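Have the structure open beside you and follow along as you read.

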Amino acid sequence: MGEPRLTAGFAEYGRLDLAAHEEVHGPIGPMEPAQLLRLAEGMQLKGKGGAGFPFARKLRAVLESCERQDLAAVVVVNATEGEPASWKDKVLLTRAPHLILDGAALAAYALDADEIVIGVADDGVGRDSLMEALEERRMPVPTTIVTVPHRFISGEGGALVNGINGLPHIPPGTKKRSSDSGVSGLPTLLSNAETYAQLAVGARLGPYEYAALGTDDEPGTVLLTVTGAAGRPAVVECTAGMPLRDVLDLCEVPDTQGILMGGYHGKWITPEAAEQAEVSRKGLAAVGGTLGAGIIVPLGVDTCPLGEAAQVVRYLAGESAGQCGPCKMGLPDLARAVDLAVAGSQPADVVRAAAGEVKGRGACSHPDGTARFALSAIEVFTEDLRMHSTGDGCGRRVKGVMGLPGAPDANPQKLTLDWSRCDGHGLCAHVVPDFIRLDANGYPAFPPTPVPTWLREGALKAVKVCPELALRLAKAE
């Protein structure tokens, strides 16, 4: 929509090989550190992976760390895109891989880096295109591709660094800066694939021409993934500050109950808010939303919004690394609370309390993002929540339109209970209190969701200690 930059040449060439890339975008030369810093600051370039951290600050932190420790740097491109509802980075990998490589090469030259590492998901999307692009050109330093599991948390920065270092693909147990110690213990510049592509565009245009589009606070363009109820799901490049309504109309979004902005760690906004919103961090924040990783998921009027939200919270609880209390115990609690609120058996205050137990307490941002999503859902869908509180529900079935993938567990299993056998001994809740609780009558209660993989062993023990053989662990359909 408007002047294409990242998507320039797509209509003519489809995928841009090196010759087409150079014809469309023109030449690019290396930059010294001070020059690249000025460019990033002049562009006001912020990370496009969701957090929106200023790229110049990351670059400066790595430069200072290299000098302080007398170590070489590593440049890491995060193209894993573990968010199921996002496709923008996949589009760049498959259609404009050289823009990503240009940006990474600029950073590597300025940092005098030893290596470039590009993380991609094991779903196979974009890897072949990226390998072909690397064969077509010469990079300034050795460049490798690392494949990581296509899971939600695998795209977290610390999880990607762990995976590159040969460790489990989960966030580190404590927060640390990759600019100080990342890949192989070296200062590491880690940013999202679109961020490097935007850097390559800015290097050709210069900061002033780059800022000819967009707003004063957020110059340039934005890549958006529009899915959900959209009649024409698409990845769209638009000018920052464009009315959200224009994007929704282009993608043929019908009447909605609400729109999820920013993905599974994002926020819901009402249809009325969508009419006022502009596509920018500032513009979406003004109506209670967030840009996040540029994901837009509108809900049609024919599905249960709270049921859809509950499915996502269950998925996010299952995607936890299971290494800290807020994730290991808090997220299953939150999923349970949302399920019970949808069933009308508990008030929304229980959801708020469960979200409050995990906010600001995790080893990574996963608990915060999940809590934000759940709280936003109960605030936006208040009328549906009122109808569910009566026990009758809203009358709409859950269609499953949130783009959830299949279960990450190859053999998902859930607990079932034979009520004719259960005598309420309560032993199961003592064995696996993270998943099984006792209700007011002393009988076991647990969510109707697959048992998280890190609780599977405990669930098996609970089954074995049940004296009446009432508890079973069965394949989840």
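Predicted model: local features only at pLDDT ≥ 70, side-chain atom pairs only at ≥ 80, totals over all residues.

**How H15 and H16 sit together**

- Helix H15 covers residues 348-358 and helix H16 covers residues 366-380; their axes come within 9 Å and cross at roughly 160°.
- An angle over 145 degrees counts as roughly antiparallel, so H15 is roughly antiparallel to H16.
- The crossing of H15 past H16 is a left-handed one.

**H3 and H4**

- Look next at helix H3 (residues 33-43) and helix H4 (residues 55-69), whose axes cross at roughly 155° and come within 8 Å.
- These two helices, H3 and H4, are therefore roughly antiparallel to each other.
- On the H3 side, the contact uses Pro33, Leu36, Leu37, Ala40 and Glu41.
- On the H4 side, you'll find Phe55, Ala56, Leu59, Arg60 and Leu63.
- Count by class and the contact of H3 with H4 has 8 nonpolar residues, no polar ones and 2 charged ones.

**H6 and H7**

- What angle do helix H6 and helix H7 pack at? The angle is about 60°, with the axes 9 Å apart; H6 spans residues 97-111 and H7 spans residues 127-136.
- That angle makes H6 oblique to H7.
- The crossing here, of H6 and H7, is right-handed.
- Pro97, His98 and Leu101 are the H6 residues that meet Ser129, Leu130, Ala133, Leu134 and Glu136 of H7.
- The classes in this contact of H6 with H7 are 5 nonpolar, 2 polar and 1 charged.

**Leucine 106, a residue of H6**

- Stay on H6 for a moment, and you'll find leucine 106 there.
- Is leucine 106 buried or exposed? Leucine 106 is buried, since its relative accessible area is 4% and anything under 20% counts as buried.
- If you skip its neighbours within four places in sequence, leucine 106 is in contact with Ile28, Gly29, Pro30, Met31, Leu36, Leu199, Ala200 and Ala203.
- Leucine 106 and glutamate 32 are 74 residues apart along the chain, yet 8.9 Å separates their C-alpha atoms.

**Glutamine 198, a residue of H9**

- Glutamine 198 sits in helix H9, which runs over residues 193-210.
- With a relative accessible area of 0%, glutamine 198 is buried.
- Again skipping neighbours within four places in sequence, glutamine 198 is in contact with Leu6, Met43, Leu45, Lys48, Tyr210 and Thr221.

**Two loop residues with positive phi**

- Serine 184 is in the loop between helix H8 (157-164) and strand S4 (188-192).
- The phi of serine 184 is near 55°, which is positive even though the residue isn't a glycine.
- Serine 184 is exposed, with a relative accessible area of 59%.
- Leucine 469 belongs to the loop between H19 and S13.
- Leucine 469 isn't a glycine either, but has a positive phi of about 55°.
- Leucine 469 counts as partly exposed, at 47% relative accessibility.

**Glutamate 383, a residue of H17**

- You'll find glutamate 383 in helix H17 (residues 382-389).
- Its relative accessible area is 42%, so glutamate 383 is partly exposed.
- From glutamate 383 to leucine 224 there are 159 residues along the chain, and their C-alpha atoms are separated by 29 Å.

Conventions: Residues numbered from 1 in each chain as written. Heavy atoms only, no water. Axes fitted to C-alpha atoms, helices over the stretch in contact; angles between N-to-C directions. Helix = DSSP H or I, 4+ residues; strand = E, 2+ residues; numbered from the N terminus. Parallel < 35°, antiparallel > 145°, perpendicular 65-115°, else oblique. Left-handed = near helix turned anticlockwise from the far one by under 90°. Buried < 20%, exposed > 50% of the residue type's maximum accessible area, 1.4 Å probe, protein only. Contact = heavy atoms within 4.5 Å. Nonpolar A, V, L, I, M, F, W, Y, C, P; charged D, E, K, R; others polar.
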